[in-house]
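Here's a quick walk through the model, with the cut-offs spelled out as we go. Have the viewer open and follow along.

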Amino acid sequence: MRNVFVLFCASTVATIAVAPAAYAADDAAIAAQIDQSAREAIAAGEAPGLQVAVYKNGKPLLVKSYGSADLELNAPVTDDSVFRIGSLTKQFTTAALLKLQEEGKLSLDDRLSKYFPDFPRAADITLLEMLHHTSGLHNYTDEPDAFTRLGPVTQTPEDMLRYFKTMPKLLDFEPGTNWNYSNTAYYILGLVVEKVERRPLAAVFKERFFARLDMQHTALDDEAEIVPGRVEGYASTGPGKFANAPFISMTVPGGAGAMRSSATDLVRRNAALFGGKLLSPASYQAMIAPGRLKAGEKSGAAIAKASGKPRGDYGMGLFIDDLGGHPKISHGGGINGFNSSLSEFPRDHISVAVLANTIGKGVGAGKIAQRIERIVLELPSESK
């Protein structure tokens, strides 16, 4: 028995000695593939510039920047460049509400009328339904005049609420009976946070999240600020076809999409959220749990019905899905001139953030991120 034990220990020691070197070699090869994929995306005109941050087991696998931050000045994107991230903002609005619930300052079961009693149908809508996109509130960014009428001008919350109330359609369906993505709901949820906190959303986010997590490049954006490293955003009609994006005041997207950040800051936030350092266990589980309709149906069934194909579920500010057998929790963002993607593969302990300074057909962060995710998970590339 003694000899067997000695042989077992020796074998174990040998394995321990060899495994890290093989692991490092594999990671280096994967990083090289990701780097090549990002370079090819820039060469193909899928974005003027990119930031990519991929973390594995809490450590950077690849953090790198590519292309141009400003086509007119020929300035390169760096790892300190700052991008608008659009709807990734929703995760922070969600987290702020969950923190307030933890502190007993509100309940997600509260009716919207508790905070905005004069808003139409507010007594029929809960904060939870708004978070799950099951409130029925019509998405204001679907209105043809939303960006031309609202975008170029600084809007007050009163201006925005007035616009919501006067849209041709207030509700797409009765609250709790279906699913439809609603920027309207998340804009109003940002105002709920401000009412409860009695301070601007920018200050709430900074104290509760950005300062605490050392997210030095992240803020609720303000076009009037001088922001070192802020990149220019571009509209596109196809790969390599870029034009300056139309102006939009960050008072228009608010809690639905007004943040700026960097890829590294975003994976740092993911490490805190999925590592249990940002929310209580109960709040975290609530955030990643699929929303349900009043009839008990998961949101994913309603999403699939609306899209005509199988889709994942939606929690609170997060899509819950699967990629090649790997559980995936993610969200994308799009706003004038910018496109973003942030994904977490919790079983694999992998985070992927991709930021692009363009939006349009055939360009942006989405498809680039999907290719990178498949590389890091060692899945075959998608057939074209």
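## Ground rules

Helices (H or I, at least four residues) and strands (E, at least two) are DSSP runs, numbered from the N terminus. This is a predicted model, so local features need pLDDT of at least 70 and side-chain atom pairs count only at pLDDT 80 or more, while totals for chains, interfaces and linings use all residues. Residues are numbered from 1 along each chain as its sequence is written, and side-chain values use heavy atoms, with hydrogens and water left out.

## The largest pocket

Let's start with the open space. A pocket here is an open set of points on a 1 Å grid over the protein atoms alone, where a 1.4 Å probe fits and protein lies on both sides within 12 Å along at least five of seven lines; lining residues have an atom within 4 Å of a point. Grid points are joined across faces, edges and corners, and a volume is the space filled by probe spheres set on the points. On that basis the largest pocket comes out at about 770 Å³. It is lined by 28 residues, and the closest to its centre are Arg311, Phe319, Ser330, Gly332 and Gln370.

Which element gives the most to the lining of the largest pocket? That's E11, with six residues. Strand E10 (319–323), strand E11 (326–335), strand E12 (338–345) and helix H11 (365–376) each put at least two residues into the lining. Split by class, the lining has seven nonpolar, 13 polar and eight charged residues; Ala, Val, Leu, Ile, Met, Phe, Trp, Tyr, Cys and Pro count as nonpolar, Asp, Glu, Lys and Arg as charged, and the others, Gly among them, as polar.

## Aromatic pairs

Rings of Phe, Tyr and Trp (its six-membered ring) pair if their centres lie within 6.5 Å; planes under 30 degrees apart count as stacked, over 60 as edge-to-face and the rest as tilted. That rule gives twelve aromatic pairs. In one of them, the rings of Tyr314 and Phe319 have centres 4.6 Å apart and planes at 90 degrees, so they sit edge-to-face. Elsewhere, ring pairs tie Phe92, Phe205, Phe209 and Phe210 into a cluster.

For accessibility, buried means under 20% relative accessible area, exposed over 50%, and partly exposed in between (1.4 Å probe, protein chains only). Tyr314 is buried, at 0%, whereas Phe319 is partly exposed at 23%.

## Helix H6 and what follows

H6 (residues 183–197) has 15 residues and spans 21 Å from first C-alpha to last, close to the 21 Å expected at 1.5 Å a residue. The expected span is 1.5 Å times one less than the number of residues. Twelve of the 15 residues are buried, including Tyr186, Tyr187, Ile188 and Glu197. Their cover includes helix H2 (89–102), helix H3 (127–132), helix H5 (157–166), helix H7 (201–210) and strand E9 (313–314).

Arg198 sits in the loop between H6 and H7 and is exposed, with a relative accessible area of 78%. Its phi is near 60 degrees, a positive value in a residue other than glycine. His133 is another non-glycine with a positive phi, about 65 degrees. His133 lies in the loop between H3 and helix H4 (146–150) and is buried, at 0% relative accessibility.

H8 (residues 263–274) has twelve residues and reaches 16 Å end to end by C-alpha, close to the 16 Å expected at 1.5 Å a residue. Ten of the twelve residues are buried, so H8 is largely enclosed by the rest of the structure. Just after H8, Gly276 takes a positive phi of about 75 degrees.

Leu279 belongs to the loop between H8 and helix H9 (281–288) and is buried, with a relative accessible area of 6%. Leu279 and Ala96 are 183 residues apart in sequence and 9.6 Å apart in space, C-alpha to C-alpha. Contact means heavy atoms within 4.5 Å. Leaving aside neighbours within four places in sequence, Leu279 is in contact with Ala95, Leu98, Lys99, Glu102, Leu273, Tyr284 and Met287.

## Ser65

Ser65 is in strand E2 (residues 59–70) and counts as buried, at 16% relative accessibility. Setting aside neighbours within four places in sequence, Ser65 is in contact with Leu50, Gln51, Val77, Thr78 and Asp79.
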